[in-house]
Amino acid sequence: MTATSTVDSTSGPSSKREERRVLAGTLVGTTIEWYDFFIFAQLTATLLAPLFLSPLEKSNPGVAQLLSFATIGISFLFRPLGAFVAGHLGDRMGRKAVLVMTLVMMGAATALIGVLPTYDTIGLWAPVLLIFLRVLQGFSAGGEWGGAALMAVEHAPIQKRGLFGAYPQIGVPIGMILATGLLFFLQSGMSKEDFATWGWRVPFLLSVVLIVVGYLIRRAVGESPVFKELAQRKAESKAPLGELFRRNKKEVVLAALIFIANNAAGYLLIAFFISYATKTLKMPAPQVLLATTIASFGWLIFTMVGGWLSDRIGRVKTFLIGYGLVFAWMIPMFVLIDSKDIVLYGTALFVLTIGLGLSYGPMSAMYAEMFPAQVRYSGISIGYALGAILGGAFAPLIAQALLDSTKWSGSVGLYIMGLCIISSVGVILAKETKGRPLGYSVHH
């Protein structure tokens with residue numbers, strides 16, 4: 001039996017001003033975090049192999065590309081560690097302090113990549129240091145999303161949790177728009193030689209400016225009302241991680257399963273399609289980046305729609321509609337992409353974002369409603385991080401390996417379709433969460 005406190009975060013922020021501050025604070029942080037991540041992922045698809053793996057690039061460019069995609073996955077392996085640490089601290093110290101910490105850590109790692117010497121300068125130390133900074137990025141990203149999602153959802157009125165929870169989610173497409181748009185601008189405005197020599201460093205260094213802005217906004221956001229309630233109670237768990245794995249193992253597993261397909265399909269959009277279009281199909285890189293940027297606007301719009309819709313028809317139905325659309329679009333999408341026509345390529349990506357958005361927008365609210373308050377930060381962070389490892393971490397690598405072995409792009413589509421089935425089962429097993437109390441609860 002569960003006794004739930006009479007106080008719940010159903011009333012939302014105390015004022016419209018506080019509401020805007022909360023939403024801006026959760027949005028700006030995830031935008032910056034994912035801008036940093038996407039800059040790396042997209043440059044991995046086009047440039048980082050010759051810069052940091054130059055001997056291998058010259059002798060075996062295919063293997064070099066696979067290894068450079070693997071550097072995307074390596075950082076994901078450290079997300080659970082970041083999720084464990086940030087989740088534990090967030091459940092003990094509060095959401096706000098941990099959010100500021102993860103933001104600064106991600107920014108520092110990204111800026112340092114921008115000044116990192118290449119293989120031609122320091123040899124083997126170049127990829128070693130690059131991997132180390134990727135580990136720091138993964139560690140900080142592991143704690144970032146959970147805190148931002150909880151700040152949004154725990155401040156939300158009960159009837160708007162899905163919509164509020166979509167704000168940290170749209171940080172992903174906005175970060176992608178900033179990253180891809182900046183790369184398009186730089187690659188269109190300078191020679192290939194200049195971009196390969198020094199231009200690629202500019203997006204990493206610019207993250208310093210974004211970090212300062214994000215830090216100032218986040219410092220102004222108040223602590224989550226649910227955590228304030230927890231802090232007032234003597235019964236608060238002294239070891240939230242231990243309690244999580246004693247009582248909520250099933251929810252952690254389901255949270256991971258729910259995210260797998262969305263994250264894998266998302267990372268095809270973020271990294272694999274750019275590499276496939278420019279290297280295999282020989283399409284012009286600036287056009288491909290522009291098409292990806294436009295598709296990112298679709299991702300933003302439909303993520304907000306997904307959050308809003310989940311407040312109307314429920315989290316489960318919205319997820320299943322989203323995954324159904326991704327499943328159905330996979331094979332037709334690759335037919336359009338393989339046409340090598342940039343308009344059809346852009347159309348293929350944009351239609352994909354409809355299903356991506358609908359299966360991403362409800363996630364913050366559903367995850368928050370799946371876990372009790374005293375282990376919520378740990379639960380959603382670890383579930384999200386595990387789902388990212390099983391989903392997006394090695395999706396570009398798996399997609400490239402499938403393409404190399406089958407010589408048929410549809411094999412990548414079948415891979416994502418299989419993941420959509422797995423994630424849909426996870427959604428169904430989790431059952432509907434809409435409207436569940438978010439306040440402190442004690443299990444008897």
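Helix α1, which spans residues 16-46, contains Ile 39. The model is predicted. Ile 39 has a relative accessibility of 0% and therefore counts as buried, the cut-off being under 20%.

Leaving aside residues up to four places away in sequence, Ile 39 touches Ala 179, Leu 183, Pro 203 and Phe 204. Ala 271 lies 232 residues from Ile 39 along the chain, and the C-alpha atoms of these two residues are separated by 9.8 Å.

## Aromatic pairs

The whole structure holds 8 aromatic pairs. One of them joins Phe 272 and Tyr 276: the ring centres are 5.7 Å apart and the planes meet at 10 degrees, so this pair is stacked. Both residues belong to helix α14 (residues 249-280), where they are 4 residues apart, about one turn of the helix. Phe 272 counts as buried because its relative accessibility is 1%, and Tyr 276 counts as buried at 5%.

A pair is also formed by Phe 319 and Tyr 323, with ring centres 6.2 Å apart and planes at 25 degrees; this pair is therefore stacked. Helix α16 (residues 315-337) carries both residues, 4 residues apart, about one turn of the helix. Phe 319 is buried, with a relative accessible area of 0%, and Tyr 323 is buried, with a value of 2%.

## A ring cluster and a charge over a ring

Phe 272 and Tyr 276 also take part in a cluster, in which ring pairs link them with Phe 273 and Phe 334.

A charged group meets a ring at Phe 40: the charged end of Arg 134 sits over the ring of Phe 40, 3.9 Å from the ring centre.

Note on methods:
Residues numbered from 1 in each chain as written. Predicted model: local features only at pLDDT ≥ 70, side-chain atom pairs only at ≥ 80, totals over all residues. Heavy atoms only, no water. Helix = DSSP H or I, 4+ residues; strand = E, 2+ residues; numbered from the N terminus. Buried < 20%, exposed > 50% of the residue type's maximum accessible area, 1.4 Å probe, protein only. Contact = heavy atoms within 4.5 Å. Phe/Tyr/Trp six-rings, centres within 6.5 Å; stacked < 30°, edge-to-face > 60°. Lys NZ or Arg CZ within 6 Å of the ring centre and 35° of its normal.
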